[in-house]
Amino acid sequence: MEIILNNSNFDSEVINSDIPVLVDFWATWCGPCRMVAPIIKEIAEEYEGKIKVGKIDVDENPELANRFGIQSIPTVMIFKNGKIAETIIGYRPKEAYINVVNTL
């Protein structure tokens with residue numbers, strides 16, 4: 001299951017999470033973001049209980065995008081113990097995300 005993240009729930013869902021969290025920074029107008037979306041959804045389903053998966057619409061949450069220095073989308077960040085463990089910028093095949101998740 002994907003969690004819609006925003007200013008009010010980001011710290012509780014991501015920073016204070018006891019399991020790793022994959023966060024997808026995206027926007028509705030972004031073509032590569034739409035290509036990544038089904039991959040992120042599959043990962044959320046396949047790894048349910050092992051990791052959390054959240055999505056942040058950068059247009060609706062510019063302060064979160066600024067907080068993490070997001071300059072291009074899609075950007076996927078993996079948080080572990082409240083800190084950024086890995087960042088993937090741009091479209092990548094599913095295996096690239098899976099390889100990162102499997103190292104957590």
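1. A polar contact is a pair of N or O atoms within 3.5 Å; within protein, one atom must be able to donate a hydrogen and the other to accept it. In this predicted model, a polar side-chain atom of Ser-17 sits 2.7 Å from the backbone oxygen of Ile-19.

2. Where is Ser-17 placed in the fold? Ser-17 belongs to the loop that joins helix H1 (10–15) to strand S2 (21–26).

3. Is Ser-17 buried or exposed? The relative accessible area of Ser-17 is 9%. Buried means under 20%, so Ser-17 counts as buried. Setting aside neighbours within four places in sequence, Ser-17 is in contact with Ser-12 and Lys-52.

4. On the fold as a whole: the chain contains four helices and five strands. Their order along the sequence is β-α-β-α-β-α-β-β-α.

5. The radius of gyration is 12 Å. A compact globule of 104 residues would have a value near 13 Å, so the chain agrees with that expectation. Along the principal axes, the C-alpha atoms fill a box of roughly 30 × 30 × 20 Å.

6. Of the 104 residues, 46% are buried. Among contacts with a separation of 6 or more, 69% join residues 24 or more positions apart.

Key
Residues are numbered from 1 along each chain as its sequence is written. This is a predicted model: local features need pLDDT of at least 70, side-chain atom pairs count only at pLDDT 80 or more; totals for chains, interfaces and linings use all residues. Side-chain values use heavy atoms; hydrogens and water are left out. Helices (H or I, at least four residues) and strands (E, at least two) are DSSP runs, numbered from the N terminus. Buried means under 20% relative accessible area, exposed over 50%, partly exposed in between (1.4 Å probe, protein chains only). Contact means heavy atoms within 4.5 Å. The radius of gyration is taken over C-alpha atoms; the globule rule is 2.2 Å times the number of residues to the power 0.38.
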